[in-house]
Amino acid sequence: MAHVNDGFPTSIRIGTWNVRECVPKRPCPDVIGELTSLVRDMRLDVLSLQEVPFSGSGSPLLALQDLDCRLPYVAEHVLSVGMHGSPSSGLALVSRFPLESVTRTLFPNPCLRLNGLRSFDKGVMTAAIAVGGRSVRVAGVHVFPFHRFGRRAEEDVFAPIWDLFGNEVAKQVKGPVFVAGDLNTRRRDLIPPRIVALDSAVRAGVDDILYGAGAQLISVDIVPGFSDHNLCVAEFELP
């Protein structure tokens, strides 16, 4: 939970987790129980989730508001049909603070195909939150797995995706900005710095929490669970 000074938060804890539509990759008798327990134990202020399972009508198959009683605010972005058995899949932001000015953007699908696999829709969702009188911008993102198709994320043909990503993150930023999600690449320089300058908290793997506009990294936790992705959590001092 965020540190408090004179009644105002001075830091923020942000997490990201690709939950694989809650279909366990590792042995887990109680996926929802593990998910809820880890989120609670990490004392998060904001959590970005990818591959959230949704019903055919667009309702989440997870009780997102119940993940942690301190995180009552939820925004959702249904992206595509599910890859692991759910009718559809997408993004969610779960927050301790009200989520304002929410925007939902689809990336242009490059329509990649290889050995029966195709590229499902991906995108970014941004929101503004007020933390201790500061306007903070948070983005949850899931980028295409270019490597699964024998392609490189830095190829010129994919530059419009990264440009759109950066432009959506940079909109109306008047304070600290954070990007939490599954980038599907180890490259952290593909969001053009001319659009928005971001540093990496995790610096390894495909999951990361990027930050800019004066925020200072305090700590990082990487927690394995039922998914084939780890829960990544970073705490930041706010400017």
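Modeller: Gladly, and let's start with L217, which is partly exposed, with a relative accessible area of 34%. This is a predicted model, where local features need pLDDT of at least 70, side-chain atom pairs count only at pLDDT 80 or more, and totals for chains, interfaces and linings use all residues. Residues are numbered from 1 along each chain as its sequence is written, and side-chain values use heavy atoms, with hydrogens and water left out.

Colleague: Why is L217 called partly exposed?

Modeller: Buried means under 20% relative accessible area and exposed over 50%, with partly exposed in between (1.4 Å probe, protein chains only). L217 has 34%, so partly exposed is the label.

Colleague: And what makes S55 buried?

Modeller: S55 has a relative accessible area of 15%, which is under 20%, so S55 counts as buried. S55 is found in the loop between β4 (46-54) and β5 (73-81); strands are DSSP runs of E, at least two residues, numbered from the N terminus.

Colleague: Which residues is S55 in contact with, leaving aside its neighbours within four places in sequence?

Modeller: Those are L61, P87 and S88, where contact means heavy atoms within 4.5 Å.

Colleague: How do you know that β10 and β11 pair?

Modeller: Two strands pair if DSSP finds at least two bridges between them. Strand β10 (residues 123-131) and strand β11 (residues 134-142) are joined by 9 bridges, so they pair, and they run antiparallel. I129 stands opposite V136 in β11.

Methods
Helices (H or I, at least four residues) and strands (E, at least two) are DSSP runs, numbered from the N terminus.
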